[in-house]
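The entries follow the order in which I looked things up.

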Amino acid sequence: MQDESCPFTHDFADEDLDDSEPEAKEYICEKAGGLVSFGEGAAAMWLELPQNTAVQVTGIPDHYTKSMVADTLTLMGRYVVTHDNVLRLWRVPGRRGQCAVVQEGSADFAERICRKFHEKFACSSPMNIISVAGTMGDLSNPRHPVSRSVDCRKVVCSWERPSRWIRLVYCDKDKASKAYKGMDSGEYTVLGEHAKISLPYERLADPSRSWVIKLHDVPAMTTGQAQVREMLYKLPRALWPFKIEFGPLTHAFQESSAGNMIRGLLQGIGPVDDWEVSKSSDLRIIKGCAVFRKESEAREAARRLHNTAPFNTDQVLLSVKLMIQINFKILGRIYQTVLNQIHQQKEDWETAGITFAAEPPTNSPFRHMKLEGEDSGAMAKAQQQLQEILAGRLVCEPDGKIYQIPASASRQRISRGLKLVESLCSVVVQRDRLKRQVRIIGPAEDFEPAARILISLFDTCEEKQVTSQAPENTPHDPTNCQVCWTQPEAEEIIRTSCGHTYCQGCFAHLAHSAGTSTAKDFEIRCAAEGCGMIFPISEIQRHLSAEAFEQVLDASTASNIARNRFVEYCPTPDCGNIYISTATWETLPNGPIHTCCKCLQLVCTSCHVRHLDMTCEEYQETQADATKELQDAKKLLGVKDCPVCRVPIQKAGGCNHVVCERGCGKHICWVCLECFNTDDECYRHMWNTHNRIYDPEEIAAAEHNAAAEERAVAEQIVAAAEEMAVAEQIAAAAEEIRRRAAERREAALAEEREVRLTTTSNGLTWPVFCGFIRVTQYIFNGVVNGLEDLRLL
């Protein structure tokens, strides 16, 4: 029985009681603005972007497989559709044939394949193809509780209702003044709105000397005075005018007809998927919202129709503004936790012209929210603020290191501990099972108490190293690292599932080196001789630190992007997001437009630059001189672009076989730029087509360089010999100086011995003293002569 005071939840599913953690076959996370799935060897298996479009194919024959569906679509258009592009193939009960959802990596795949089908195959094929949204928007995976998307296809049109001026004529100045003061102060309103009036003035041309108050921009009404008095329903009967005069209407289009006219103007620019005339808080203004099929067409509508006069009068202008809408999809319990934080930010957002809205709760566990505004800079700031609120913070240890739940903690204990922290601190706690990290979402004042409680719950668990046992019979010594061939320290040993041993540092280096290899795909394999097993993603994560694991995922993503010819990086500095490029130009200004979901800046997906108010062709014409200079510089430096991925390549020397290492990994013939999958194919092509693998000019240049190098070496040898001869002369002169000094020293010693023979036992005699003086003089002269010889040399 469970006591009511017990904070733990005792009702657990069977999987919660199972302490064995299943091995994850893939790891999905957000990188560069898209979802990336990492599989064996940390290789990026697929990349999902918000731009991705898909098609739904119905009426597929029952015997068709995914490969047959892919081949059929390949025959319909210029796209190569593979088995992996068919995301789902299923049979619908009660309907003839099968259904399939197909998605390809280009932004215009759905549009082009649908147009091609309806033009040539719709009448002869039992199948039907329609465009559907991509799969990235629906993230129901609990590991991804927050998803977002940016939509810039909506424009808001606003125009004035039909209005006129009205004159209230009074015969008494006092009544006119009182009525003016009441309406000017807001005490008396017009249809509940503050009146826009002018000061009372006397009509001098009127014999009765009447006083007039003029109301401006009054909504169009009938000319009857009863309706006007009903409009001025708060005006006292004593202040009613004795005469009311009506001015002409600003335009004769009522709400429905004006809306249809504006919708027609918008549809003249591009297809409009949705049009709705909404109520405005200002009774004088009518607003209509249109959603275009393409963002570029929405921007063109705002550029072409804003501040125009569609009603044949300059008094009424049409306002067309492009709206940036950022949609968020989060778990409902996260929304309830951060609701107060969002309300604290709403005032700042409204000041910046940004509206926040959340859809009412439904039976789904998710809640949908959106930010909407005009200014891209303010929207980017608001998006970052909301993301920080929804993301929460990682739990860190006191020294600042990211806290990791001990591997020895059971799933049951972890589940109970996280639920306890949520119930005590009114926060949402999310656990990353692979990284063993914990993220707390909620108010800032509740974060520290929740973190302290969570760390204290698992402090008693002893950390243990998770390793796989090696087979008993292995071809190599299991105690030696397979990279450095030394025996690792006990605390640094890593035993892989294939039975081989690594140092922690060597394994990390092996993982990072996978991104710098010339292999076509990013894969982390065992380095042991004869093994080459691809490590599972869960094992790579287990043996690497959190920071090293993120670096490996970043390198794998960058490798996948470099080899993907449909993907480009956002040109905004320090952005790092990617988008799907298109090969076709458009005749609309800005070209095929994409709004980056991170920096909210515009980029043409064909030209990969931002060219406002110009088509792609016009921009290319303005850049003709710069393009020519760039091509001339490339030719001068010997730089050519890869024919597949357009990565610049420079050949410093060697044969005409080059490899696009930083891009697609293709083997390229430098002469004709033909691409091959292997080096053997490239060499066979060069011999069969060009009869050589080297250029004659390069051979001549190489021979010239070799001769120049030989001459330089010979000159160095001669210079060294001359230096050696000079050194020998100096050594001989020094030897001669030493010989002369020795001779002088011997002469001085002989004279000294001769002087000593003349000494007596009573002391020095005069001859001895004179001999001593001469010896000293000889020594001094010898030293001076030696120095003089050195100076002459």
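**Entry 1: cysteines**

I started with the cysteines. The cut-off I used for a disulfide is a pair of cysteine sulfur atoms within 2.5 Å. Cys570 is buried, with 10% relative accessibility. I took buried as under 20% relative accessible area, exposed as over 50%, and partly exposed as in between (1.4 Å probe, protein chains only).

I noted the ground rules here. This is a predicted model, in which local features need pLDDT of at least 70 and side-chain atom pairs count only at pLDDT 80 or more, while totals for chains, interfaces and linings use all residues. Residues are numbered from 1 along each chain as its sequence is written, and side-chain values use heavy atoms, with hydrogens and water left out.

Next I checked Cys531. Its sulfur has Cys526 as the closest cysteine partner, at 3.8 Å, and that is too far for a bond. Cys531 counts as partly exposed, at 31% relative accessibility. With this cut-off I count zero disulfides.

**Entry 2: around Cys531**

Where does Cys531 sit? I found Cys531 in the loop between helix H12 (504-513) and helix H13 (537-543). Helices (H or I, at least four residues) and strands (E, at least two) are DSSP runs, numbered from the N terminus.

I then listed contacts, meaning heavy atoms within 4.5 Å. Cys531 touches Cys498, His500 and Cys526, once neighbours within four places in sequence are set aside. His500 is 31 residues from Cys531 along the chain, and their C-alpha atoms are 9.2 Å apart.

**Entry 3: aromatic rings**

I moved on to ring pairs. I paired rings of Phe, Tyr and Trp (its six-membered ring) if their centres lie within 6.5 Å; planes under 30 degrees apart are stacked, over 60 edge-to-face, and the rest tilted. The count is four aromatic pairs.

Phe507 and Phe535 make a tilted pair, at 5.5 Å and 55°. This pair links distant parts of the chain, 28 residues apart: Phe507 is in helix H12, and Phe535 is in the loop between H12 and H13. Tyr502 and Phe507 are both buried, and Phe535 is buried too. I logged Tyr502, Phe507 and Phe535 as a cluster linked by ring pairs.

**Entry 4: a sheet**

What is the strand order in the open sheet of three strands? I read S18-S20-S19, with antiparallel pairing. Strands pair if DSSP finds at least two bridges between them. Strand S18 (393-394) and strand S19 (428-432) are the edges, each pairing on one side only. Two bridges join S18 to strand S20 (residues 437-441), and these strands run antiparallel. Leu394 stands opposite Arg439 in S20.

Helix H11 (residues 447-458) packs on this sheet and touches S18, S19 and S20. The direction of H11 makes about 150° with that of S20. For such angles, axes are lines fitted to C-alpha atoms, for helices over the stretch in contact, and angles run from 0 to 180 degrees between N-to-C directions.

**Entry 5: whole protein**

The protein has 19 helices and 31 strands. Of its 793 residues, 39% count as buried. Among contacts with a separation of 6 or more, 62% join residues 24 or more positions apart.
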